[in-house]
Amino acid sequence: LEHGQKPSIFQKLWFVIVKVLSGGRPSLYNFQACLPTLPVPTLKSTCKKYLLSVKPLLSDEDYKAMEGHCQKFLANEGWKLQLFLQIRTLYATSWLWDWWEKYVYLRGRAPIMVNSNYYIMDPLHTIICKNQAARAASLINESMKFKALVDWENLDPVRLQKTIPWCMKQYERIFDTTRIPGKECDQIVHNEDVQKYVAVCRRGVWYKLYMSTRVGGEGGKMRALKLHEIEQQIEYIIADADKNPAKDNECVAALTGWNRSRWAEAREEFFWEGKNKSALRTIEKASFVMILEHRTPTDKQAMAKTLIHGDGKTVWFDKSFNFFVFPDGKAGLNAEHSYADALTV
């Protein structure tokens with residue numbers, strides 16, 4: 001519906017049917033099949049909005065010329081392209097999704113650091129926890145609970161006024177997802193292995209933190225780590241990394257902030273076998289990344305700069321998201337943008 005537009009009788013009927021069929025508690029993707037496809041705007045509407053968007057950028061003379069180009073487009077090839085889009089809606093849920101992901105994000109060759117990735121920070125005047133290890137453990141623990149809701153599709157789907165469902169497809173790739181560089185086009189890879197862990201980074205040193213442990217020795221049952229157990233592991237990581245921080249030339253995460261084609265070439269040359277390949281796959285297959293910062297930002301500007309680009313050596317910009325936890329307990333995250341909108345994260 002356009003803003004201010006009243007729903008038609010057909011739309012009202014659809015609302016009622018969705019409400020009746022949804023039952024008591026629908027699963028995460030329960031409404032996906034009944035969602036309408038993305039409508040194709042009319043050709044005249046597209047041209048009108050295009051002219052409106054370029055008007056501030058053109059002189060009066062150039063704008064008149066552009067109006068003429070639009071009229072020619074409407075009279076000639078425009079209707080053929082419009083027909084193609086309308087046919088595409090018959091077999092695609094969204095005629096735009098694949099193209100938007102590929103041409104707006106994945107084919108871009110500029111570094112995704114700053115240019116594409118975004119950040120989210122703690123409320124400025126709210127103190128949640130002053131202990132770094134405890135805050136990091138809490139974030140990991142709650143994130144894994146949320147991940148379980150997504151994996152088992154037990155998360156309640158978003159519904160406007162508890163009736164109109166929203167598309168939940170982007171939730172599929174919040175966790176276990178990495179953007180892989182390519183020489184001409186990147187790809188998004190979602191790992192579905194049952195082995196779940198978090199990649200933790202402190203002072204450029206990387207650790208693999210498993211989220212479960214075996215009870216009763218070999219052959220025993222697996223159980224999830226408890227909150228205090230995660231905190232103990234984080235405390236060990238902080239102490240160990242502070243004793244042996246990585247050297248600047250050992251901070252491989254810096255490659256993820258490089259030009260995409262150059263990063264793809266380096267990946268192909270140096271990470272195709274052996275320990276390098278194994279270490280790279282370990283980070284890329286992690287559920288997400290946790291960065292334990294050793295420096296406390298002096299103000300909100302310093303915190304924002306750290307979250308958007310860090311020191312350029314420790315953030316794995318290709319990962320779906322990186323948590324940051326600072327020594328004073330404040331936290332934030334840096335997220336890769338191609339797999340989902342910021343509202344999803």
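Is Glu 153 buried, partly exposed or exposed? I looked this up first. Glu 153 counts as partly exposed because its relative accessibility is 33%. The cut-offs: buried is under 20% relative accessible area, exposed is over 50%, and partly exposed is in between, with a 1.4 Å probe and protein chains only.

The model is predicted: local features need pLDDT of at least 70, side-chain atom pairs count only at pLDDT 80 or more, and totals for chains, interfaces and linings use all residues. Residues are numbered from 1 along each chain as its sequence is written, and side-chain values use heavy atoms, with hydrogens and water left out.

**Positive phi**

I placed Glu 153 in the loop between α6 (132-151) and β2 (159-160). Helices (H or I, at least four residues) and strands (E, at least two) are DSSP runs, numbered from the N terminus. Phi of Glu 153 is near 60 degrees, a positive value. Most residues other than glycine have a negative phi. I then turned to Val 114, where phi is near 75 degrees. Val 114 sits in the loop between α5 (97-106) and β1. Its relative accessible area is 49%, so Val 114 is partly exposed.

**The sheet**

I traced an open sheet of six strands with mixed pairing, in the order β1-β12-β11-β10-β6-β7. Its edge strands, β1 (118-121) and β7 (205-210), each pair on one side only. From one strand to the next the twist averages 25 degrees. Two strands pair if DSSP finds at least two bridges between them.

Strand β10 (residues 289-292) runs parallel to β11, with four bridges joining them. Ile 291 has Phe 324 in β11 as its bridge partner. β6 and β7 run antiparallel and share six bridges. Arg 202 is bridged to Val 205 in β7. I noted a hairpin here, with two residues between β6 and β7. Arg 203 in the turn has a positive phi of about 55 degrees.

Side chains alternate along β7. Val 205, Tyr 207 and Leu 209 point to one face and are buried.

**Helix α7**

I found α7 (residues 227-243) lying across β6 (197-202), β7 and β10, at about 165 degrees to β7. Axes are lines fitted to C-alpha atoms, for helices over the stretch in contact, and angles run from 0 to 180 degrees between N-to-C directions. Its 17 residues should span 24 Å at 1.5 Å a residue, and the end C-alpha atoms are 25 Å apart, which agrees. The expected span is 1.5 Å times one less than the number of residues. The buried residues of α7 include Ile 230, Ile 234 and Ile 237. Among the elements covering the buried residues of α7 are α6, β9 (222-224) and β10.

**Asp 318**

Which loop holds Asp 318? I find Asp 318 between α10 (300-309) and β11 (321-325). Asp 318 counts as buried because its relative accessibility is 0%. Beyond neighbours within four places in sequence, its contacts (heavy atoms within 4.5 Å) include Arg 179, Arg 260, Trp 263 and Glu 336.
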